[in-house]
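Reader: I have a model open and want to go through its packing. Can you take me through it?

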Amino acid sequence: MKIVKVIGSLCLVNSALAFAPTRCATGSTHRSSSSLHADVAEAESDVASITTDPKEAVKLFGRLAEKYIMLDSTAGMCCYSACSDCEYREPGGGYRMADQSSARPKWIPTYDHRSFGSGKEHTTKWNTGIFTDGPAVTKAEFVERVINMKFAPPLGGPFLAKSAAAIEDESAAAALFDILAGEKEKLTRHRMGKEMKALSGGEEGVTWNHFSAALGAK
């Protein structure tokens, strides 16, 4: 299965219609536009071939997602008084936020640890729960440690009570490892953050919509 191309397609999508030659992080050299379109189509086909029971996917998401996420450190300088020339306003009218909280787990942060000059800091569940004794894990270690993480009903996906969230089928966790690690035998802490960032489309956290799309949980 060519799951590694799922993440790589993000680079291809951005460059497929460009007139100038492009070079992706994988070290690829000049490609024609038609070749790039073909690679994107193949990657999209690979995504479509991944299917996961939504309940199995939400069991993973509820273990990895968090109620709190740190976003933009500079946004905390805003006075939130609706100033017309505010540099912290979003195009849609909202504000850039320094951090956000939710009543139920909503985001899988794309960082492993983050700290602001204000003294705020946050270490993610996936960092402490998966990379318990080093910066890299094998597939077997990843699957075992994710399964052993505590579950809380998240925002998004089918509702599951904690009592119904035991993972007996390891295939979804194994598929998530393949998505994140690609063809590597081990997944590093750095790579997991990087690939989570790609799954989120460049956002600071992976939501249920991002997560379910990657696992084909529809």
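**Core and helix packing**

Author: The largest nonpolar core has 39 residues, and those with the most contacts inside it are Leu 60, Ile 108, Ile 130, Phe 142, Leu 187, Met 192 and Phe 211. Such a core is a set of buried Ala, Val, Leu, Ile, Met, Phe, Trp, Tyr and Cys residues joined through side-chain atoms within 4.5 Å; buried means under 20% relative accessible area with a 1.4 Å probe, protein chains only.

Reader: Which helix supplies the largest share of this core?

Author: H6, with nine residues.

Reader: What are these coordinates and numbers based on?

Author: This is a predicted model, where local features need pLDDT of at least 70, side-chain atom pairs count only at pLDDT 80 or more, and totals for chains, interfaces and linings use all residues. Residues are numbered from 1 along each chain as its sequence is written, and side-chain values use heavy atoms, with hydrogens and water left out.

Reader: OK. What does Phe 211 touch?

Author: Not counting residues up to four places away in sequence, Phe 211 touches Ala 57, Leu 60, Phe 61, Leu 64, Ile 108, Leu 176 and Val 206. Contact here is heavy atoms within 4.5 Å.

Reader: New topic: at what angle do H6 and H7 pack?

Author: About 95°, with their axes 9 Å apart. They are therefore roughly perpendicular to each other, a label for angles of 65 to 115 degrees.

Methods. Buried means under 20% relative accessible area, exposed over 50%, partly exposed in between (1.4 Å probe, protein chains only). Helices (H or I, at least four residues) and strands (E, at least two) are DSSP runs, numbered from the N terminus. Axes are lines fitted to C-alpha atoms, for helices over the stretch in contact, and angles run from 0 to 180 degrees between N-to-C directions. Angles under 35 degrees count as roughly parallel, over 145 as roughly antiparallel, 65 to 115 as roughly perpendicular and the rest as oblique.
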